[in-house]
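Notebook open, model loaded. I'm jotting down what I look up as I go.

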Amino acid sequence: MNQKLAIVTGGAGGIGKAVATSLSQEGFYVIIVDRDREIGSRVASEIGCHFEAVDLRKPDQCRSVVRKIGEEMGRIDVLVNNAGLQHVCGLPDFPEEKWNELIQVMLTAPFLLTKHSWRYLEQSNSARIINMGSIHSRVASLNKAAYVSAKHGLVGLTKSTALEGGPCGITCNAICPAYVETPLARNQIDAQSKTLGIPADRVIDEVVLSQAVVKKLIQPEEIAKLVVYLCSDAASSITGSCIDIDLGWTAR
């Protein structure tokens, strides 16, 4: 195939859907990887791309999907490790199975997908790996130990991958946004609204974005546009970077 091929994990909704849509519009052959078969298939049909049902909690499925794509398509040019989930709980009561799940999906799966895509990526003349970090790759929040640990670890993986990928023509960068308008963020806002007994807009301004200078939720399309740029020839010199889209959160 002549088209560049991009894999987007967690592409059935939120940031992943926006990224898959934007890359498809730019002419990439996009493969959405998501565990929700029904929604993933529908989104892929809407966008005009391919869908693979994969549970990133299972290492064997991480390996097998790359092998399948590589053997069938003969190339992998872009890997966007975007899939994520959240669990909010204090450390003393944090379930060990939830810790393992979050670390697997947001740190181990990106490692496995990167590792097993490598031989295809190094054959591309413009290979890109983009890891979806978070404001929690930079700072911590209460009751989110697993999420914060996974996102901090993803920065380390990004930098290590960039060092090893440079001589092979592979760039690797992380995008670290503050709260994005996604179902994951909305669920947290709604839960806080009920707990605190205040409207959702006050939760956004006074709780969720208390440390941000710009008081708004980031739109998924804003993240997608940066992904498209990082996949372009203009970004060929950018690697090992962690690019903040954090509403001024870390400027203090």
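Which residue of β7 does C176 stand opposite? I checked, and C176 stands opposite D244.

Ground rules before I go on. This is a predicted model, where local features need pLDDT of at least 70, side-chain atom pairs count only at pLDDT 80 or more, and totals for chains, interfaces and linings use all residues. Residues are numbered from 1 along each chain as its sequence is written, and side-chain values use heavy atoms, with hydrogens and water left out.

**Entry: strand β6.** I looked at who pairs with β6 (strands pair if DSSP finds at least two bridges between them). Strand β7 (residues 242–245) runs parallel to β6, with four bridges. β5 is also parallel to β6, over six bridges, and N131 has A174 as its bridge partner there. Getting from β5 to β6, the chain passes through α5, and this β-α-β crossover is right-handed (with the strands pointing away from the viewer, the path from the first strand over the helix to the second runs clockwise). For the labels, strands are DSSP runs of E, at least two residues, and helices are H or I runs of at least four, numbered from the N terminus.

Then I checked burial (buried is under 20% relative accessible area, exposed over 50%, partly exposed in between, with a 1.4 Å probe and protein chains only). Eight of the eight residues of β6 (170–177) are buried, so the strand is largely enclosed by the rest of the structure. I170, C172, A174 and C176 point one way, while T171, N173, I175 and P177 point the other.

**Entry: S134.** Where does S134 sit? I find S134 in the loop between β5 (127–132) and α5 (145–165). S134 has 5% relative accessibility, so I log it as buried. Leaving aside neighbours within four places in sequence, its contacts (heavy atoms within 4.5 Å) are Y147, K151, I175, C176 and P177. I175, C176 and P177 belong to the buried set of β6. A polar atom of the S134 side chain also lies 2.9 Å from the backbone nitrogen of H136.

**Entry: β2 and β3.** Strand β2 (residues 29–34) and strand β3 (residues 50–53) run parallel, joined by four bridges. V33 has E52 as its bridge partner. With helix α2 (residues 37–47), the two strands make a right-handed β-α-β unit.

**Entry: whole chain.** I count eight helices and seven strands in the chain. The C-alpha trace spans about 55 × 35 × 35 Å along its principal axes. Of the 252 residues, 50% count as buried. Among contacts between residues at least 6 apart in sequence, 69% join residues at least 24 apart.

Definitions and conventions: Polar contact = N/O pair within 3.5 Å; in protein donor to acceptor, adjacent residues only side chain to side chain.
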